[in-house]
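Student: Could you take me through the charged side-chain pairs here, one question at a time?

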Amino acid sequence: MFHCRTTLKNRPAPLIIALILIIAGFGIPIMTRVYWVIPPVLTALIILGAIILLVVLQRRRTAEKTGISEELCSDIHSVLFSSGGRNFVIRSGKRFSLSGETNGVLSFIDNGVWTVSAKNAPELPANAGEVIITFPQDTRFKDASVEAETGSIILDGLYADNMKLDIHGGSLDARGIYADNMRVGCGQGKIVMHAGVSGDAVISCGSGKIDAIMKNSESDFNIYAQTGMGKIKAAGRYFGGDGERSGEINNGAKHSMQVSCGMGNVDITFGQVNTDE
């Protein structure tokens with residue numbers, strides 16, 4: 001459980017409050033004097049319109065000066081990051097925050113789950129800026145889900161009891177990720193991940209490509225592999241191509257790694273350490 005506060009992007013500044021008080025203090029007496037000239041309802045509408053205009057102008061000014069949207073909450077225990085067609089950079093930092101090219105990006109916290117989604121965000125040029133998501137360093141989430149449609153994701157330093165990575169047509173470059181249980185899916189995109197798993201793992205590839213550099217030893221898993229027209233390489237053993245389509249590497253382990261591949265390629269290497277960390 002984290003201890004933090006919530007910062008709203010467009011909070012009214014003291015200036016807008018002062019302007020409203022000025023209108024209330026001087027505008028109403030003036031309107032009272034011309035009460036018999038201007039109908040009372042129109043008088044009220046004029047005052048209300050002036051207040052609304054000032055609020056809108058002040059919010060625009062605040063948004064331009066702020067440039068970022070930041071959310072901090074003590075109730076967050078899980079995260080869901082969906083990049084859609086945008087480019088996400090997800091990394092650990094000092095606090096929960098959202099910044100960068102956030103136009104059209106949805107961010108909310110519901111029942112302890114922080115969701116950041118660009119699924120319905122407007123399309124941007126390919127060279128548009130990135131959406132930058134940070135969370136407190138050394139945070140361990142209950143559930144963590146990261147997904148992309150056609151966008152690219154850079155993921156650094158994510159820990160979770162249960163982790164799901166799902167790339168439909170984009171790309172994911174993940175380093176320093178750890179989970180008790182992990183599910184990885186790659187439709188037509190590409191995943192490169194440096195990961196550690198203390199429980200079970202499921203890796204599924206359609207027509208994409210997955211390079212999994214595991215910190216685990218091969219002996220940590222019983223490996224079950226199944227291919228269609230694709231290829232799997234796990235711990236130096238090949239499945240698919242001209243060889244066997246399915247098979248098992250029984251290491252007498254407590255946990256399992258299930259690997260399937262339709263038309264793509266899966267390459268799993270064990271006992272490797274990411275030297276960039």
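Student: How many salt bridges does the structure hold?

Tutor: This is a predicted model, in which local features need pLDDT of at least 70 and side-chain atom pairs count only at pLDDT 80 or more, while totals for chains, interfaces and linings use all residues. Residues are numbered from 1 along each chain as its sequence is written, and side-chain values use heavy atoms, with hydrogens and water left out. With a salt bridge taken as a side-chain nitrogen of Lys or Arg within 4 Å of a carboxyl oxygen of Asp or Glu, the number held by the structure is six.

Student: Which strand holds the Asp161 that pairs with Arg140?

Tutor: The side chains of Arg140 and Asp161 meet in a salt bridge at 2.9 Å, N to O. The pair links distant parts of the chain, 21 residues apart, with Arg140 in strand β7 and Asp161 in strand β9 (residues 159–167); strands here are DSSP runs of E, at least two residues, numbered from the N terminus. The strand asked for is β9.

Student: Is Arg140 buried or exposed, or in between?

Tutor: Buried means under 20% relative accessible area and exposed over 50%, with partly exposed in between (1.4 Å probe, protein chains only). Because its relative accessibility is 44%, Arg140 counts as partly exposed.

Student: What is the N to O distance between Asp180 and Arg140?

Tutor: Asp180 lies in strand β10 (residues 171–186) and Arg140 in strand β7, 40 residues apart. Their side chains meet in a salt bridge, and the N to O distance is 2.8 Å.

Conventions:
Helix = DSSP H or I, 4+ residues; strand = E, 2+ residues; numbered from the N terminus.
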